[in-house]
Amino acid sequence: MKKFLFILCLINISYPALSCTGITLKSRDGAVVTARTIDWAETETNNIYAVIPRGHETKSLLPDGSQNGLQFTARYGYVGLGAERPEFIIDGTNEMGLNAALFYFPDYGKYQQYDESMRNITLADLQVVSWILANFATIDEVQENINNVIIVGVEPKSSTTHWRIAEPNGRVVVLEIIDGTPTFHEDNIGVIANSPNFDWQKTNLNNYVNLMPGTASPTNLGSDKLTSFSGGTGMLGLPGDFSSPSRFVRAAFLGNWVIQQSTALDTINQAFHLLNNFDVPLGLDFAAGKAPVKMPSATQWTIANDLKNKILYYHTMFNRTIRKIDMNNINFETVPFQFSPLDDVKTETMIPVQINE
């Protein structure tokens, strides 16, 4: 069987093209919002949303190119955004409010070696999100079952991945596979990026202990008095580049110091505004003039999940209009399995302003 097109896109991958950033925010009314960018500068992928009903059967892809790995039947229905194939859900939420999302993790993760004799419990890394959403209602259930599967990469030259898993009560963990062993990290700061590993990223925050909201106080330098040119100088030194450690630091401080919003919808809007800070302009991932394609952005889409109310929101590089999928309007017992492009038309929505004469 031919390997899926998305796998072919990952061969000979250029790591600078991978720069996804995730945040978790909480509103004062108890809602939890997980949000992230999906950044891929190598090529425009076939970005889709998928609706998966209860009872839908999925088989995992294997490194030999066949689709004869772990087979699982959806206990819970779910909705997610993915690339190329509906099996490859990158970020989604199930009807219990559990959210799971994939992030690239080059050079630091290491899966188990593929063993053909264990193919019936072998799960492709690009299908872990689907497996979690189809089978589990809580993080504890994922932790209890993670050792019942063997997660492998289906293309040796592609990057490894790690995952964020979040509950509607606000608990968030990061799952990483280091030297073949699944490891869960409690994510109490609500941030995930790419490499290095999560513990390193948290430790690195100590390098920015001087950052604070507000404006730096005046200080004397010899006989001269130094004052701020503007407000916000408490954040001087916040890294602004697009490397994974810098994005992690930026997301951690911005996400934890913004004003907490009253409602879930207000928090959704806040999440999109925050993630505007992480949009990667196409061309910055490569040497000047070496970008391989022409797209509006390397950030192909952005998603925000309201886990309490079970509503997914997204916009894309082609159309910044926010669209939503309300899972409360879906009967996962009867809805057919389906998937569709994120953009019906790849143009920005522009509304003319009526001028009174």
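About 30 Å³ of space lies in the second largest cavity of this structure. A cavity here is a set of points on a 1 Å grid over the protein atoms alone where a 1.4 Å probe fits but cannot get out, and its volume is the space filled by probe spheres set on the points, with grid points joined across faces, edges and corners. The model is predicted, so local features need pLDDT of at least 70 and side-chain atom pairs count only at pLDDT 80 or more, while totals for chains, interfaces and linings use all residues. Residues are numbered from 1 along each chain as its sequence is written, and side-chain values use heavy atoms, with hydrogens and water left out.

**Empty spaces**

- Rolling a probe the size of a water molecule over the atoms shows where empty space is left.
- In total, the structure holds 2 cavities of 30 Å³ or more.
- What lines the second largest cavity? Its lining is made of His162, Glu176, Ile192, Ala193, Asn194, Pro196, Asn197, Phe198, Gln201 and Phe248 (lining residues have an atom within 4 Å of a point).
- Sorted by class, that cavity lining has 5 nonpolar, 4 polar and 1 charged residues (Ala, Val, Leu, Ile, Met, Phe, Trp, Tyr, Cys and Pro count as nonpolar, Asp, Glu, Lys and Arg as charged, and the others, Gly among them, as polar).
- There are pockets too, and the second largest pocket has about 270 Å³ of space (a pocket is an open set with protein on both sides within 12 Å along at least five of seven lines).
- That pocket has 18 lining residues, and the closest to its centre are Thr24, Leu25, Lys26, Ile189 and Asn256.
- β1 (22-26) and α5 (244-257) each give at least two residues to the lining of the second largest pocket (helices, H or I with at least four residues, and strands, E with at least two, are DSSP runs numbered from the N terminus).
- The pocket lining splits into 6 nonpolar, 8 polar and 4 charged residues.

- Is β11 enclosed or open? It is largely enclosed by the rest of the structure, because 6 of its 6 residues are buried (buried means under 20% relative accessible area, exposed over 50%, and partly exposed in between, with a 1.4 Å probe and protein chains only).
- In a regular strand the side chains alternate between the two faces of the sheet.
- In β11 both faces are covered: Thr161, Trp163 and Ile165 are buried on one side, and His162, Arg164 and Ala166 on the other.
- Strand β8 (residues 99-104) pairs with β11 in the antiparallel sense over 6 bridges (two strands pair if DSSP finds at least two bridges between them).
- Within that stretch, tyrosine 104 has threonine 161 of β11 as its bridge partner.
- β11 also runs antiparallel to β12, joined by 4 bridges, and isoleucine 165 stands opposite valine 173 in β12.
- The two strands β11 and β12 make a hairpin with 5 residues between them, and glycine 170 in the turn has a positive phi of about 105°.

**The six-stranded sheet**

- An open sheet of 6 strands runs in the order β14-β1-β2-β17-β18-β19, with antiparallel pairing.
- β14 (191-192) and β19 stand at the edges with a single partner strand each, so one side of each is left without a neighbour in the sheet.
- β1 and β14 pair in the antiparallel sense over 2 bridges, and isoleucine 23 stands opposite valine 191 in β14.

**Salt bridges**

- How many salt bridges are there? The count comes to 12 (a salt bridge is a side-chain nitrogen of Lys or Arg within 4 Å of a carboxyl oxygen of Asp or Glu).
- Arginine 171 and aspartate 140 meet in a salt bridge, 2.9 Å from N to O.
- Arginine 171 lies in the loop between β11 (161-166) and β12 (172-178) and aspartate 140 in helix α3 (residues 139-145), so this pair ties together parts that are 31 residues apart in sequence.
- Aspartate 343 forms a salt bridge with arginine 323, with the closest N and O atoms 2.9 Å apart.
- Aspartate 343 sits in the segment after β20 (338-341) and arginine 323 in strand β19 (residues 323-326), so the pair ties together parts that are 20 residues apart in sequence.
- Aspartate 343 is buried, at a relative accessible area of 10%.
- A network of salt bridges links Arg36, Asp91 and Arg164.
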